[in-house]
Amino acid sequence: MSKKEPLPKDWREGRRLRGWQLYQQGWKQKDIADALGVTEGAVSQWVRRAKKNGPDGLRHQPPPGPQPKLAEEQRAQLPGLLAKGSEQYGFRGEVWTTARVAVLIKQQFGVRYHPAHCSRLLRAAKHSVQKPAELATQRNEEAIKAWKEEHWPSLKKSRAGKATDRFCR
């Protein structure tokens, strides 16, 4: 490799590039395979790829991954749909949870997304994942406040009491 070429990303890529260099120097594929500890078939594939695409064909190619279910235009529409509010789509309360976003995507685009993946879509759309506060319907705020002010201080142990108990034994 010359100084202008980038360094290999991993040892496998370096081995492929070294095999190509040896081939260009006139080495036989069998000798290259023996020297690099690979099969002759592997060297044959490297040589074929390098002849077709040049040395860059031997570089590491990350796997492409699955195709997105939503098209780019559909993902671009998502912030506008979310801006209308969740009540516009029949949900109770103005909160966009991942489950609600999954339902919205299914209704609007006919595409099924797992709710856990919708958090990625929300972050990409510059929205935060929201969780509604689930409080009991029978909750009495005045009674809770009174209990916290009157009963809780008498039940709460003081730090000083713990320290003196420990040393007085």
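L155 is placed in helix 8, which covers residues 152-155, and this residue is exposed, with a relative accessible area of 55%. The model described here is a predicted one. Together with W147 and W152, L155 forms a nonpolar patch on the surface. Elsewhere the structure holds six salt bridges, and helix 4 packs with helix 5 at an angle of about 120°.

**The nonpolar surface patch**

- The patch consists of W147, W152 and L155, and the accessible area that these residues have together is about 350 Å².
- L155 counts as exposed because its relative accessible area of 55% lies over the 50% cut-off for that class.

- R59 and E13 form a salt bridge in which the closest N and O atoms are 2.5 Å apart.
- R59 lies in the loop between helix 3 (40-53) and helix 4 (72-83), whereas E13 lies in helix 1 (residues 11-24), so this pair ties together parts of the chain that are 46 residues apart in sequence.
- Both R59 and E13 are buried, a class that requires a relative accessible area under 20%.

**Salt bridges with partly exposed partners**

- The side chains of R12 and D10 meet in a salt bridge, with a distance of 4.0 Å from N to O.
- R12 is partly exposed at 42% relative accessibility, and D10, with a relative accessible area of 26%, is partly exposed as well.
- E141 and R139 form another salt bridge, and here the closest N and O atoms are 2.6 Å apart.
- E141 has a relative accessible area of 43% and is partly exposed, while R139, at 41% relative accessibility, also counts as partly exposed.

**Packing of helix 4 and helix 5**

- Two packed helices are described by the angle between their axes and by the distance between those axes.
- For helix 4 and helix 5 (residues 98-109), the angle is about 120° and the axes are 12 Å apart, and the crossing of these two helices is right-handed.
- On the helix 4 side, the residues that meet helix 5 are Q74, Q77, L78, L81 and L82.
- On the helix 5 side, the residues that meet helix 4 are V101, L104, I105, Q108 and F109.

Terms used. Residues are numbered from 1 along each chain as its sequence is written. This is a predicted model: local features need pLDDT of at least 70, side-chain atom pairs count only at pLDDT 80 or more; totals for chains, interfaces and linings use all residues. Side-chain values use heavy atoms; hydrogens and water are left out. Buried means under 20% relative accessible area, exposed over 50%, partly exposed in between (1.4 Å probe, protein chains only). Helices (H or I, at least four residues) and strands (E, at least two) are DSSP runs, numbered from the N terminus. Patches are made of residues with over 30% relative accessible area and no salt bridge: like charges are joined within 9 Å, nonpolar side chains (Val, Leu, Ile, Met, Phe, Trp, Tyr) within 5 Å. Accessible areas come from the Shrake-Rupley method with a 1.4 Å probe; for residues, only the protein chains shown count as cover. Axes are lines fitted to C-alpha atoms, for helices over the stretch in contact, and angles run from 0 to 180 degrees between N-to-C directions. A crossing is left-handed if the near helix is turned anticlockwise from the far one by less than a right angle, and right-handed if clockwise. Contact means heavy atoms within 4.5 Å.
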